[in-house]
Structures are given as C-alpha cells and as structure tokens.
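Here is a short report on one protein model.

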Amino acid sequence: MNARDPDGEEADAPIFDAATFRLDRNEADLIDSARRFGARVLAPRAAQHDRDATFPLETFRDMHPEGLLAICIPEADGGLGASYRTYCLAAAELGRYCGATALSWNMHVSSTLWTGALADDLMMTVEERAEHNERRQLHYKRIVGDGAIYSQPFSEGGAAAAGTIAFGTEAKPVDGGFLVSGKKIFASLSGAADYYGVLCTERGEGEGASRRNTLYLAVPANAQGVSVVGDWDPLGMRGTVSRTLLMKDVFVPQDEMLMPRGVYFRAATSWPHMFLTLSPTYVGLAQAAYDFAVAYLRGELPGTPPVKRRMYPTKQIAVAEMHVMLEQTKALWFQAVSEARANPTKEQVLRAYAAQFTVMENANALAAKAIRTCGGQAMLKNLALERIYRDSRCGSLMLPWTAEICLDRIGRESLYETGEKDE
Ligand SMILES: Cc1cc2nc3c(=O)[nH]c(=O)nc-3n(C[C@H](O)[C@H](O)[C@H](O)COP(=O)(O)OP(=O)(O)OC[C@H]3O[C@@H](n4cnc5c(N)ncnc54)[C@H](O)[C@@H]3O)c2cc1C
C-alpha cells in the first residue's frame, strides 16, 4: 500500500503504523527516515550486490551523514539514541529493500546497541561502569566522527556460537592488552569492516577455558596477523560477504575492549533479547514478499506488464493466507521487541524464542507462497522476489537462535523449571 511521504513522493506505508502501534514521535520519525533511505538508496543497489556477492560499502558511506551508523549511540555521545525497539523497527524497514544490507547493518549497529542501551541496563560495579563509559567513547567517536564500520564475527563452526561452550578464539593477556588467535567463520562485512567485534576467551597460562571469561574485543582490521580467507558464494544474503576471518597473535590494546571483563557473559545470560537482533531484517523480507505479491497480482509491479491476476479466487485465498501469516508474525514480534529488558520473565524469554522462530520461518514461507501464487514470471531474476526468497531462507540457520534451537528451548523450558530433573 502506498502513502504520500513528507517530500510529496509516493512511498511504502510503514510496516508498523505509528498511531496503531502507539509509537512516539521521535521513534516514528527515526523509523520513517530509515524507510525512506531504504527505498531511495538500498533498493536500487540490491540486485547488483546480490548478483556479484559484493559488499554495499558505498551504502554504508551514505549512512554516515544520515546518522544511521550511529543510530544506537547515545545522543550525549553524538548518536541518534535509538532504543532497542526503535532500532528493530528501523532495521525491519531497511530489510524490505535489501536483506543483505540490513543484516550487515545489524552487525554494525549491534556493536553500539550492546555497548549502549543494553549495557546501561546491566548490573555493573561503579568501577566497571566508569571503565565501560570511558572505553566506549573511543568506539563511538570513530563511528560518529569517521564513519567507522564495526562487525560481529562470533561463529566458529563449533558449539560456541550456540552459547554452550567457551569460544575457541583465545585472548592471551600481555602487557597493555591481549594477543588474539583464532578463526571466525561467516564473518559478515569481512574485508569491509574497520573493526571486527570478536568474542574470545581470555586465558592466562595454564588456565582452563570458561564462558565466564568471554571477552568482547574490537580487533582493528588492519592489525598485523589479521587476514580474510576463502570465497563467498552462498544461496542468499550474498552482499554480506561473510568470509572467514583468521587472527594469529594479533596484538589488541586493552582500550579495544567493548565491554569490561565478565560483562559479556552477564549480558548473554541476563539480556537474552540481544540475540533477537537478527530478526528485524527478516520481518522486512516478510513484508517485502507480501507487498510484492499484492502489487504483482494487481498488475502494478514496476517492470512488469499491467496484467491483473487478482480476479482468481485461488489468488485471493493465497493472499488472505499470506496476510494472516504476516499479521501473526508482526504482532508476536512487536510484542517481543517491546518487552526486551534485563532479567525478563520466563514467559517473555519463551516469547522471544517464539518470535525469532516465527519470523525466520514465516519470512521464507511467505516468499515461497508469493512465488507459487504469482507464477513463473515472478521468479525471474530481474524481479526482487527471487532474491527475497533466497535471502529469507538464511534466517532460520543463524546462530545462536536457529529455528531448531528455539524449538528445542521452548519445549524444554516449558516443561522444566530451572534446575529441575527427572531423577
Ligand atoms: C548470511 C549469513 C550471515 C552470517 N553472518 C554472521 C556474522 O556476521 N557473525 C557470526 O558470528 N555469524 C554469522 N553467521 C553464521 C551463523 O550464525 C552460523 O554460525 C552459520 O550459519 C553456520 O552454522 P553451522 O552450519 O556451523 O551450524 P552448526 O553449529 O553446525 O549447527 C547446524 C545446525 O544444528 C543445530 N544446532 C547447533 N547447535 C545446537 C544445539 N546446541 N542444540 C540444538 N541444535 C543445535 C542448529 O539448528 C544449526 O542450524 C551468518 C550466517 C549467515 C547464513
């Protein structure tokens, strides 16, 4: 559905209408500007980055003057000060226009959200808080001033990214900092990021590996010992350029700590919605699949002949089913992102898993249904639906909350209270 935007141009209506979802004025304005940026900048570039599997660096450069790189940096530090929910809603708007750019933007923004609003909500000692507030200035200045790009390579190909064991990438404490060695797979923004926000295990001589000793460090991309290897030719989300990152005895100064010692572990255990931040992109893709089907069946999709297909009852039923699925997805997800906070109730955590599962599965189900309903011409590569279908397939594979892991946890945590056993 189209609406007229403040510049007088036809624009897509917001996914979440400000009045209906009771968004405040600031929140709605930020989300609106993300949507307009997505339509203007992301959409026309999406096909080429998808075809060539290239990173949309020029789009990230264009985000800088718009303030989008600093959307979650507190206003006092020069950012736009978006809350967790505002960010999620803005990211969903970008996801409509280019899944790969929105997902990559998520990796960058999460580095600021986790160290910003989320960290502000965590228990810290006075010393930890002072250390954290001082250190994050360094990162925020680089982003606000120079447009620096951060990423989040956590995955290692083992059980660590699912949160069950300590990261295999290790940080050895040395004078003034750490020597970091390890390998990260699927490192989105590889080769494009200025800093890799790496999770690793601090391990002194003779010490065992423990998740409690997880460090969150900004590893400068140009530091000695950092390399990006392998190719990137995946099914979808091709513009994320998620190649393999290798680190060999990389010296990382102490000031590059993104969180004080022990605080990442605290965040992961007491602020679980931090892992729901991969989902907004896929809410956008779900909306895009639906919008495509409606425009196509009405004979109004740009680049296609004005042939109407909406008069067939089977098409109407299919669109009705898509509409119901989209509304269910939006309602559950909006509730989950609205109640994100430290120490959520068990019910809120279960709802967050359910929202992640629903978004990731439904985005791809909606895209598949849009292709079946619109027909053969709709899946040609010159139209966006084929890319939306491939991009949306990736959501349920993303750790730490894959679709399988979400189901696994919902089942277990519904049936067992903490510490409960059968024998
Ligand atoms: C487009 C894209 C971009 C990505 N970008 C990044 C990034 O920037 N940073 C990053 O860190 N990662 C990123 N990832 C990586 C992602 O989170 C996974 O690490 C990646 O998909 C590799 O998974 P795997 O096959 O090694 O999973 P495996 O660990 O081999 O798991 C395979 C499957 O087994 C199941 N499984 C695994 N562990 C458990 C468990 N404990 N309990 C129950 N079931 C389990 C899961 O369903 C999982 O899908 C990206 C992935 C994609 C697709």
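The sections below take the fold, the core, the cavities and a pocket in turn.

## Basis

This is a predicted model: local features need pLDDT of at least 70, side-chain atom pairs count only at pLDDT 80 or more, and totals for chains, interfaces and linings use all residues. Residues are numbered from 1 along each chain as its sequence is written, and side-chain values use heavy atoms, with hydrogens and water left out.

## Overall fold

The protein has 11 helices and 9 strands. Helices (H or I, at least four residues) and strands (E, at least two) are DSSP runs, numbered from the N terminus. The radius of gyration is 21 Å, close to the 22 Å that the globule rule gives for 423 residues, so the protein is as compact as a globular protein of that length. That radius is taken over C-alpha atoms, and the rule is 2.2 Å times the number of residues to the power 0.38.

Of the 423 residues, 54% are buried, meaning under 20% relative accessible area with a 1.4 Å probe, protein chains only. Take the contacts (heavy atoms within 4.5 Å) with a separation of 6 or more: 74% join residues 24 or more positions apart.

## Core

The largest nonpolar core holds 134 residues. Such a core is a set of buried Ala, Val, Leu, Ile, Met, Phe, Trp, Tyr and Cys residues joined through side-chain atoms within 4.5 Å. I71, W105, W114, Y282 and W333 touch the most other members. Leaving aside neighbours within four places in sequence, W333 is in contact with residues including F16, C88, S279 and V359.

## Cavities

The whole structure has 4 cavities of 30 Å³ or more. On a 1 Å grid over the protein atoms alone, a cavity is a set of points where a 1.4 Å probe fits but cannot get out; lining residues have an atom within 4 Å of a point. Grid points are joined across faces, edges and corners, and a volume is the space filled by probe spheres set on the points.

The largest cavity has a volume of about 50 Å³. Among the residues lining the largest cavity are Y296, E300, R309 and Q377. The second largest cavity has about 40 Å³, and its lining includes E131, H132, R135 and M257.

## A pocket

A pocket is an open set with protein on both sides within 12 Å along at least five of seven lines. The second largest pocket holds about 1,000 Å³. Its lining has 29 residues, with D12, F292, L301, P302 and A384 nearest the centre. α1 (25–52), α7 (279–297) and α10 (384–393) each give two or more residues to this lining. α1 gives the most, with 6 residues.

Terms used:
Buried means under 20% relative accessible area, exposed over 50%, partly exposed in between (1.4 Å probe, protein chains only).
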